[in-house]
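User: I would like to learn how to read packing features in a model. Please take me through them step by step.

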Amino acid sequence: MAKFQYSAYDSDGKLRKGIIEAEDEQSATIQLKSQALSLTSLTTIGGGVKAQGAKAGAGSFFGMPKIPKKQLCTATRQLATLLEAGLPLVRALRTLERQAKGTQPQLYKVMGSLADSVEGGSTFSEALGLHPKSFDKLYVSMVRAGEASGAMETVLNRLAEFMEKAQRIAGKVKSAMVYPIAVLVMALGITAGLMIFIIPKFGAMFEEMLPGESLPGITTFVINCSYALQNHFLTVLLCAAGIVVFFKLLVKTKPGAYAWDFLCIKIPKISGLVIKNICARFSRTLGTLMGSGVAVLSALMIVRDTTGNELFARAIDTVHDAVKEGEGMTKPLQKSGIFPLMLCSMIEVGEETGALPDMLNRVANVYEEEVDRAVEGLTALIEPLMILFLAVVIGTIVIALFAPMVKMIDKLGG
């Protein structure tokens, strides 16, 4: 029989340390899990020196890379599987570290750092908190709830599922925007080429063939724009970049963000997609957090930070204050005027039946399907709009060049 020193969380979320005798490490792990303990580390006594807290070093966490979302999602799922198989947390983290060596440098460094922290006596949630680039508040809070409930494997599986669904929705929205953006870039490129290289030649020809005669207004406008772009290209480019930078800085301010988000939920066709996407994220995040044991007030604050819309964030603040005073969520959600009636009704049913997390996840499924349909509809709408845009731009240039040519033909014929 060998002796093992262990560190584990009990069902009350308290950290327990002690010594256990077993034939091997696997047997020791099974014994501890049978006692409803969530194992974090297991070390053979006399089999080596256990790593101390100083191992990680105070400065090793600075400048840590960010794990790509796809890798983090896969790693979370694998970590849950390893813990379900009975491996201690540190050993599971070391396994992921070895697996990522040479192929996934960001994951390799972060997993090694997490393992060092847990070996040094930190809780897993504390170790995750040292890497805010890779693990957001949602991730850390759910892991903390898993530590408190002793159901770390379940929480990690929920996290992986949550991230997979969020990635799927984001991927569909991004893929839907690839075509219109590509068409827009090509259209701007072709238009710029015409304005810089072709139209100035027509302008010179008109001056030579029609001296002293006034050109149509549309022709004068197009030629002036062409000369400005040709002679002051760098200035125009810097002005365009300045407008983009100014807009980005503006939407980072609270008033600017509020105005932009308000506009997004008021534009026809686009508003439906935006609202459904936010409602899907709100329902999925809140349902996942509450289902994992996170307190409702803390969950609402995390959801507020992940909505990505200032109007909805302010509405969630109001809901948080109401819940803090002992009220339910339904009335403040309805008073906000921006949450759909279906969402409010489903939350009301969930509160009445005591199955709010499950109801929120069901609502999330509905809205995610609606987001898929809205993306398809928006994609189908964007294509004719882009064709119309190209027709207007090219048509304007053609008309501007064709109108003076009629005069030239008449003059030559006379």
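Analyst: Start with contact: heavy atoms within 4.5 Å. This is a predicted model, where local features need pLDDT of at least 70, side-chain atom pairs count only at pLDDT 80 or more, and totals for chains, interfaces and linings use all residues. Residues are numbered from 1 along each chain as its sequence is written, and side-chain values use heavy atoms, with hydrogens and water left out.

User: Which residues does Met329 touch, beyond those up to four places away in sequence?

Analyst: Met329 touches Leu286, Met290, Val296, Leu300, Val319, Val323, Ile347, Glu351 and Leu356.

User: How do I read a nonpolar core, and how many residues has the largest one?

Analyst: In soluble globular proteins, nonpolar side chains tend to be buried together. A nonpolar core is a set of buried Ala, Val, Leu, Ile, Met, Phe, Trp, Tyr and Cys residues joined through side-chain atoms within 4.5 Å. Buried means under 20% relative accessible area, exposed over 50%, partly exposed in between (1.4 Å probe, protein chains only). Here the largest core has 67 residues, and Phe124, Met329 and Phe339 have the most contacts inside it. A second, separate core of 12 residues includes Leu229, Ile397, Leu401 and Met408.

User: How do I read an aromatic pair?

Analyst: Use the distance of the centres and the angle of the planes. Rings of Phe, Tyr and Trp (its six-membered ring) pair if their centres lie within 6.5 Å; planes under 30 degrees apart are stacked, over 60 edge-to-face, the rest tilted. The whole structure holds 5 aromatic pairs. One of them, Phe202 with Phe206, is tilted, at 6.2 Å centre to centre and 55° between the planes. Phe282, Phe312 and Phe339 form one aromatic cluster.

User: Are Phe202 and Phe206 buried or partly exposed?

Analyst: Phe202 is partly exposed, at 24% relative accessibility. Phe206 is buried, at 1%.

User: How do I read two packed helices, and at what angle do α9 and α10 pack?

Analyst: Take the angle between the axes and the distance between them. Helices are DSSP runs (H or I, at least four residues), numbered from the N terminus. Axes are lines fitted to C-alpha atoms over the stretch in contact, with angles from 0 to 180 degrees between N-to-C directions. Helix α9 (residues 233-252) meets helix α10 (residues 254-264) at about 100°, with axes 5 Å apart. The two are therefore roughly perpendicular, a class covering 65 to 115 degrees. Phe247, Leu250, Val251 and Lys252 of α9 contact Lys254, Gly256, Ala257 and Trp260 of α10.

Technical notes
Angles under 35 degrees count as roughly parallel, over 145 as roughly antiparallel, 65 to 115 as roughly perpendicular and the rest as oblique.
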